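Work through the exercises below with the model open beside the text, and try each task before reading its solution.

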Amino acid sequence: MTMIYGEVAPGFESVRAAFAENFTRHGDLGAAVCVYRNGHPVVDLWGGVADAETGRPWTRDTLQLVYSATKGATATAVHMLVERGALDLDAPVAKYWPEFAANGKANIPVRWLLSHRAGLVALDHPVPLKEALAWHPMAEALAAQRPLWTPGTAHGYHGRTWGWLIGEVIRRVSGRSPGRFFADEIAAPLGLDFFIGLPAGERDRVSRMAYQRPDVDLTTLPAESVPEELREQVAAWRDPNSFSNRAYAVTDPAAIDFDSPEVQAAELPASNGIGTARALARMYAALIGEVDGVRLFSSAVLASAAEEQAGGKDQVMLIPSRFSAGYMLPTASNPMLGSSSFGHTGRGGSLAFADPEHGVAFGYAMNNIVGGIGDVRASSLVETVREALA
């Protein structure tokens, strides 16, 4: 039986039980969950192993790469610039990044980048990975890229490109790289253990990921054997020219080893944030209220940041999705805590969000990266928090 460490406030004991069940029934190897309510932690738990090969235990300070949950941290940096009057989401991106105007993009507003409406999910000519990690070659390639649909007419998840697009806007406006801006303006005031671009001295604290393949690879089945509701997605996965594949093939090679020191040290503001569940929950708590004297957003900026900008069928994921200006919004498959929630998932199971109606912020990070549908680890924790609040 996996030992569970940490603390829960009275009334939230059921979250500890649900967290333990994730190890016994749902495949967690090493993980952490944290919940803030009204600016104070009410759940802070961790357990399991940080490295399944060596048996290194997951400790209070273990860091975990959270894939696209990073987007929530990057979006927060954007809205802090809005808060300060340095950035207008309705201004053209080219106002801040003149080279971006090429190939018919002169009138795309920053808001469309944030909400995945710019049609820049892929590149006609992928960038060598080493150059992409160095930043500027990828920014230059995206500035030159033509949109793949008429901007503003549809939305599709910019899984990889979003980070360079939004990060370059942050860099042009603030004069600092997105990782540096996050470190200075968000992590430092709140004391967050979270990095976009891992310092070399923190490498030994990072968990090693394990990748769990789905029981059945749907792409190997005859088309008539695929469940009808999944056939369009499976057909897209089989097509190397689909947006579903091209969105994750913007580098050469397309595959990125997120366990490698080089990738973890680079700044990939869409996908390589590394930190603790506690840091994620604390950051989101500071978006909806005060945490130890720090609040990141005014109520007006919060309302704007969480307002829906895109919804309906996603041109990349081919399922319904909803986005505000940078954050995911609740859907049937990821309801979070309700209609006021906003946040972001990460590949394989991580989740972080805030719900101002309930005064709750939530963070969950884990190292067993689960593919396909049927992963209930985060949702079971959220449901247990919902029941505890009731």
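**Exercise 1.** Decide whether Ser68 is buried or exposed in this predicted model, and then describe its surroundings.

*Solution.* Begin with the accessibility: Ser68 has a relative accessibility of 12%, and because buried means under 20% relative accessible area, Ser68 counts as buried. Then look at the side chain of Ser68, which makes a polar contact of 2.8 Å with the side chain of Tyr157. Finally, list the neighbours: leaving aside residues up to four places away in sequence, Ser68 touches Tyr157, Gly159, Ala270, Ser271, His344, Thr345, Gly346 and Arg347.

**Exercise 2.** Find which backbone atom the side chain of His158 reaches, and say where His158 is located.

*Solution.* His158 is found in the loop between α6 (136-144) and α7 (161-174), and at 1% relative accessibility it counts as buried. From there, the side chain of His158 reaches the backbone nitrogen of Leu120 at a distance of 2.9 Å.

**Exercise 3.** Examine the backbone of Tyr67, of His116 and of the bond between Asp252 and Pro253.

*Solution.* Take Tyr67 to start with: although Tyr67 is not a glycine, it has a positive phi of about 50°. Tyr67 lies in the loop between β5 and α2, and with 4% relative accessibility Tyr67 counts as buried. Turn next to His116, a residue other than glycine whose phi is also positive, near 65°. His116 lies in the loop between α4 (110-114) and β6 (127-128), and its relative accessible area of 0% means that His116 is buried. Lastly, Asp252 and Pro253 are joined by a cis peptide bond with omega of about 5°, and Pro253 lies in the loop between β9 (251-252) and α11 (261-265).

**Exercise 4.** Work out how the rings of Phe353 and Phe362 are arranged.

*Solution.* A pair of aromatic rings is described by the distance of the centres and the angle of the planes. The structure holds 10 aromatic pairs, and in the one formed by Phe353 and Phe362 the centres are 5.2 Å apart and the planes are at 25°. Since planes under 30 degrees apart count as stacked, this pair is stacked. Phe353 and Phe362 are both buried. Elsewhere, Tyr284, Tyr327 and Phe342 form one aromatic cluster.

**Exercise 5.** State how many cavities of 30 Å³ or more there are, and then characterise the linings by residue class.

*Solution.* The count comes to two cavities of 30 Å³ or more. The largest cavity has a volume of about 50 Å³, and among its lining residues are Cys34, Asp44, Trp46, Trp58, Arg60 and Arg278. The elements giving two or more residues to that lining are β2 (30-37), β3 (40-51) and α12 (277-288). By class, the lining of the largest cavity has seven nonpolar, two polar and three charged residues. The second largest cavity, with a volume of about 30 Å³, is lined by Arg160, Gly163, Trp164, Leu268, Pro269, Ala270 and Ser271. These residues divide into four nonpolar, two polar and one charged.

Terms used. Residues are numbered from 1 along each chain as its sequence is written. This is a predicted model: local features need pLDDT of at least 70, side-chain atom pairs count only at pLDDT 80 or more; totals for chains, interfaces and linings use all residues. Side-chain values use heavy atoms; hydrogens and water are left out. On a 1 Å grid over the protein atoms alone, a cavity is a set of points where a 1.4 Å probe fits but cannot get out, and a pocket is an open set with protein on both sides within 12 Å along at least five of seven lines; lining residues have an atom within 4 Å of a point. Grid points are joined across faces, edges and corners, and a volume is the space filled by probe spheres set on the points. Helices (H or I, at least four residues) and strands (E, at least two) are DSSP runs, numbered from the N terminus. Ala, Val, Leu, Ile, Met, Phe, Trp, Tyr, Cys and Pro count as nonpolar, Asp, Glu, Lys and Arg as charged, and the others, Gly among them, as polar. Buried means under 20% relative accessible area, exposed over 50%, partly exposed in between (1.4 Å probe, protein chains only). A polar contact is a pair of N or O atoms within 3.5 Å; within protein, one must be able to donate a hydrogen and the other to accept it, and residues adjacent in sequence count only if both atoms are side-chain atoms. Contact means heavy atoms within 4.5 Å. Rings of Phe, Tyr and Trp (its six-membered ring) pair if their centres lie within 6.5 Å; planes under 30 degrees apart count as stacked, over 60 as edge-to-face and the rest as tilted.
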